[in-house]
Amino acid sequence: MDPARRLTVGSARTALLALAAAISLSCSDGRPAASALAGPRASRSEKVQESVSPGLAVRVRALAARRGLGPMPPRRRVRPALVRLGRLLAFDPILSGNRDIACMTCHVPGLATGDARSLAIGTGAAGIGPERVHPEGTFVSRNAPPLFDLGLLDHLFWDGRVEVGRDGRLHTPAGGRLTPDMRRTLRFGAVSALPMFPVVVRAEMRGRAGQNELADLGDEDYAGVWAGLMRRLGRIPEYRRLFEAAYPGRRFDEMSFAHAANAIGGFLVDAFTFDDAPWDRFLEGDRGALSREQLRGALDFLQAPCARCHDGPLLSDDDFHDVALAQFGPGEGDGPSGRDDFGRMRATGDPADRYRFRTTPLRNVELTGPYGHAGQFADLPAFIDHYSRNAARLRAYADADIPEPLLRGTLVENREAVLAARDTLILGAEFDSTFVREVTAFMRSLTDERARHLEDLVPHSVPSGLPVPR
Ligand code: HEC
Ligand code: HEC
C-alpha cells in the first residue's frame, strides 16, 4: 500500500470528523436529548459520548438502515421442557454410532460453538477442540460453523442443503424419507430439521460398516438410522420421561427422531440467540456503544460492497456467493481430484451455483475462527484482507497458508475455476491496512459478551451415562 495515500485518507478523515463535531456542537440545542434517543441505557453511554462524533454516528445509523442492517427481531420463546431435552441430546454421545462423539464435541460451547479447527474431526478421534486428534489423521470436509442465531436463517449448512424454500416448504437431503408427520413435528424451521443429518453421516457420527448397528445400515437408509437411534434412547427410562414431558400428550413409542431433532433445534434457538452486542445498543440509539474506530469501520463496511451481502440483523443475506477462497482437505468428492467442493451446486445441481457458499453471519465473528468454509484463515484481519486484490491473493495462497499443519499438502488446484465464478461484487476490491483494522474493530462490536462464556451450558452428566464432551 502507498503510505502517502493512507496519510491523505487519514488526514481527510480527521478534518471531516472535526467538521462533523463542530457542526453537531453548534446545533446540539436543536436535537433531541441523547437520553431520549438512548432510553434506559443512556447513562452508560454518557461517559464516552464526547469522544465520538455525532455526525459519524448519524451517518452510520442512516446507512445501516438503508442497507438493511437492522436490529434483531424479538426472541422466540421455547418451552423449557423442550430445551431441557434438546440440551441433553446435544451433549450425549449416544447419538453417534460408536457412542464416542456428541453434537457438542464439534460445536464446543467454550469455543463459541465451533471447534477452533479449520476442518472438523469426526468419530474415532479423541479429545476436543485444539487437542482433538484422529489416529488416522482424518478430517471431515468442511469447517464446523458456529450455532448462533440459526432460528433466523432459512438456509443451513455451507451449501444450504437443509432449507426452507421460497415455497415455505422444508427441503432436505432426505427428500420423501422425511414423512409428513416428521415435518409437522419440526417447529423451528430449518434449524429443527438439521439435527437429523449429522447422525447419518459416516465420517461425522455414524461410523463405518462393521463398527456398530447404525453403521451396518445402507448409506441411504436414513429411516433405519433414525429408528435405531430412537430404540437406543427408548432403552433409557430418563429419556422416555424427558421426551414425554417435552411433548405432552404423546407416548414415547409414538415419537420419531424428528421429536429429538426438534428438541435440539429448540435448545439451539433458546441458548444461542444473541441480541445484546454493542452494535445492538448502537442501533437502539446508544451513540457511545461503539468506539470511534468501530464507527469508522462500520462506515467502511457499509460503503464497501461488504454490506451488499452481509446485511440484515445477522449480517448475512442468507444467500450464496463465491468469494475466491482456496480449497483443501478431503473435499466433497467433486472435480477431477475428487477433493473439490462445489458448494451450493451440490444442493441445486445448477452449474451457476458452483463454488458458492452461504454468506456467513457475522455476529460474534471475532470468536469463531478459523474462518471460511474450510477454515482457510486463522484470524479475522487475514480473512478481511483477502477480499482486497482477491484474485492475486487466491493465486498466491499456498500450502503453508493452511492453518491446520496436517492439511498442508492437500491444496486443490481449482483456483482459476473459482476465480472465473467469483461474485462480481468483489471484482476489483482493493483497500488498505487502515480499512482492515477499522473493519476488524467494527466486527468486535458484533460480539455479545454472553457468547464468551457458554461453558455453563455443558451438563454434568447425560442420561446415557456416557462421558460428556468438555
Ligand atoms: C464431526 C463434527 C460434527 C458433529 C459431531 C456435528 N457437527 Fe454440526 N457441523 C459440523 C460441520 C463440519 C458442519 C458444516 C457441514 C456442511 O456445511 O456441510 C456442521 C454444521 C452444523 C449446523 C449448520 C450451521 C449453519 O450455520 O448452517 C448445525 C445447526 C449443526 N451443525 C448442528 C449439529 C448438531 C445438532 C449435531 C448433532 C446431531 C451436530 N451438528 C454434530 C461438524 C459437526
Ligand atoms: C459477494 C458477497 C460478499 C461480499 C461482497 C462480502 N462477503 Fe464476506 N462472505 C461472503 C460469503 C459467501 C462468505 C462465506 C465464504 C466461504 O466460506 O466460502 C463470507 C465470509 C466472510 C467472513 C468469514 C466469516 C466466518 O466466520 O467464516 C468474513 C469475516 C467476511 N465475510 C467479511 C466480509 C467483509 C469485511 C467484506 C467486505 C470487504 C465482505 N465480507 C464482503 C459473502 C460476501
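**Confidence.** I began with the pLDDT of this predicted model, which averages 90 over the protein, with 89% of the residues scoring at least 70. I then looked at residues 1-50, where the pLDDT is below 50, although this stretch has 39 contacts in the model beyond near neighbours in sequence. Where pLDDT is low, the predicted coordinates should not be read in detail, so I leave that part aside.

**Helix α5 against α11.** Next I looked up how helix α5, residues 80-91, lies against helix α11, residues 237-246, and found that their axes come within 8 Å and cross at roughly 145 degrees. I noted the crossing of α5 and α11 as left-handed. On the α5 side the residues that meet α11 are Ala81, Leu82, Arg84, Leu85 and Leu88, and on the α11 side they are Leu242, Phe243, Ala245 and Ala246. Sorted by class, this contact holds 8 nonpolar residues, 1 charged residue and no polar ones.

**Helix α5 against α12.** I then turned to helix α12, residues 257-271, which packs with α5 at an angle of about 100 degrees, the two axes being 7 Å apart. Because angles of 65 to 115 degrees count as roughly perpendicular, I recorded α5 as roughly perpendicular to α12. From α5 the contact takes Leu82, Val83, Leu85, Gly86, Arg87, Leu89 and Ala90, while α12 brings Ala260, Ala263, Ile264, Gly266, Phe267 and Asp270. I listed the classes for the contact of α5 with α12 as 9 nonpolar, 2 polar and 2 charged residues.

**Ligand 1.** Which of the 26 residues around ligand 1 come nearest? I found Cys103, Cys106, Phe157, Trp158 and Pro198 in that position. Helices α6 (103-106) and α9 (202-206) each supply at least two residues of this shell, and the largest share, 3 residues, comes from α6. By class I noted 21 nonpolar, 3 polar and 2 charged residues around ligand 1.

Methods. Residues numbered from 1 in each chain as written. Chains lettered and ligands numbered in written order. Predicted model: local features only at pLDDT ≥ 70, side-chain atom pairs only at ≥ 80, totals over all residues. Axes fitted to C-alpha atoms, helices over the stretch in contact; angles between N-to-C directions. Helix = DSSP H or I, 4+ residues; strand = E, 2+ residues; numbered from the N terminus. Left-handed = near helix turned anticlockwise from the far one by under 90°. Contact = placed C-beta atoms within 7 Å. Nonpolar A, V, L, I, M, F, W, Y, C, P; charged D, E, K, R; others polar. Parallel < 35°, antiparallel > 145°, perpendicular 65-115°, else oblique. Near = placed C-beta within 6 Å. pLDDT = per-residue confidence, 0-100.
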